[in-house]
Amino acid sequence: MSDLIERYLSVWNEDDPAARRTKLAEHWAEDVTLVDPLVQVKGRDAIEATIAGVREQFPGLVFTPVGTVDAHHDVARFRWGLGPADAEPLAIGFDVVTLDAEGRIASVVGFFDKLPV
């Protein structure tokens, strides 16, 4: 699951829309859902648009893992940080990812633990 989370975060860090869509197609189910306090979307196109908005809103910041991944069966939970590379994260979140039968991301439920003031 640690590899999966690295791939998950790499999509959120990808600035090139074409490369991001390729990563989504490879590792995310077509009808994937994402729900967090700010958004509720379904499908790769909607997820790509959401990530594009985040990249636009926070240029130069990167998502990094915070702590370890806890997983069982087809579910993983983990914390992530968003901030400048090699610096303390400005925001920290907690996501729960569920995989489909092919091992692709089928759903993401996210929470925010720390947000910038």
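Predicted model: local features only at pLDDT ≥ 70, side-chain atom pairs only at ≥ 80, totals over all residues.
Reader: How many helices and strands does the secondary structure hold, and in what pattern?

Author: There are three helices and six strands. Read along the sequence, they follow α-α-β-β-α-β-β-β-β. As for contacts with a separation of 6 or more, 40% are between residues 24 or more positions apart.

Reader: Why is threonine 50 called buried?

Author: Threonine 50 has a relative accessible area of 17%. The term buried applies under 20%, so threonine 50 is buried. This residue is found in helix H3. Leaving aside residues up to four places away in sequence, threonine 50 touches Trp12, Leu34, Val39 and Val41.

Reader: What makes the pair of threonine 50 and alanine 46 a polar contact?

Author: A polar atom of the threonine 50 side chain lies 2.9 Å from the backbone oxygen of alanine 46. The cut-off for a pair of N or O atoms is 3.5 Å, and one atom must be able to donate a hydrogen and the other to accept it. The 2.9 Å separation is therefore within the distance cut-off.

Reader: Why does glycine 93 count as buried?

Author: The relative accessibility of glycine 93 is 0%. Buried means under 20%, so glycine 93 counts as buried. Glycine 93 lies in strand E5. With residues up to four places away in sequence not counted, its contacts are Phe78, Arg79, Trp80, Phe111, Phe112 and Asp113.

Reader: What share of the residues of the protein count as buried?

Author: Of the 117 residues, 38% count as buried.

Reader: Why is histidine 73 called exposed?

Author: Its relative accessible area is 78%. Exposed means over 50%, so histidine 73 is exposed. The residue sits in the loop between strand E3 (62-72) and E4. Histidine 73 has a positive phi of about 50 degrees, although it is not a glycine.

Reader: Is aspartate 86 buried or exposed, and how do you know?

Author: At 86% relative accessibility, aspartate 86 is over the 50% cut-off, so aspartate 86 counts as exposed. Aspartate 86 is in the loop between E4 and E5. Its phi is positive, about 60 degrees, and this residue is not a glycine either.

Reader: How much space lies in the largest pocket, and which residues are the closest to its centre?

Author: The largest pocket holds about 500 Å³ of space. Of its 25 lining residues, Asp36, Leu38, Val54, Phe58 and Phe112 are the closest to the centre. Two or more lining residues come from each of helix H1 (2-13), strand E1 (28-36), helix H3 (44-57), strand E4 (75-83), strand E5 (91-99) and strand E6 (105-114).

Reader: How do the lining residues divide into nonpolar, polar and charged?

Author: The lining has 19 nonpolar, four polar and two charged residues. Leu38, Val54, Phe58 and Phe112 are among those closest to the centre, and Leu, Val and Phe count as nonpolar. Asp36 is also one of the closest, and Asp counts as charged.

Definitions and conventions
Residues numbered from 1 in each chain as written. Heavy atoms only, no water. 1 Å grid on protein atoms, 1.4 Å probe; cavity = no way out; pocket = protein on both sides within 12 Å on 5 of 7 lines; lining within 4 Å. Points joined across faces, edges and corners; volume = space filled by probe spheres on them. Helix = DSSP H or I, 4+ residues; strand = E, 2+ residues; numbered from the N terminus. Buried < 20%, exposed > 50% of the residue type's maximum accessible area, 1.4 Å probe, protein only. Contact = heavy atoms within 4.5 Å.
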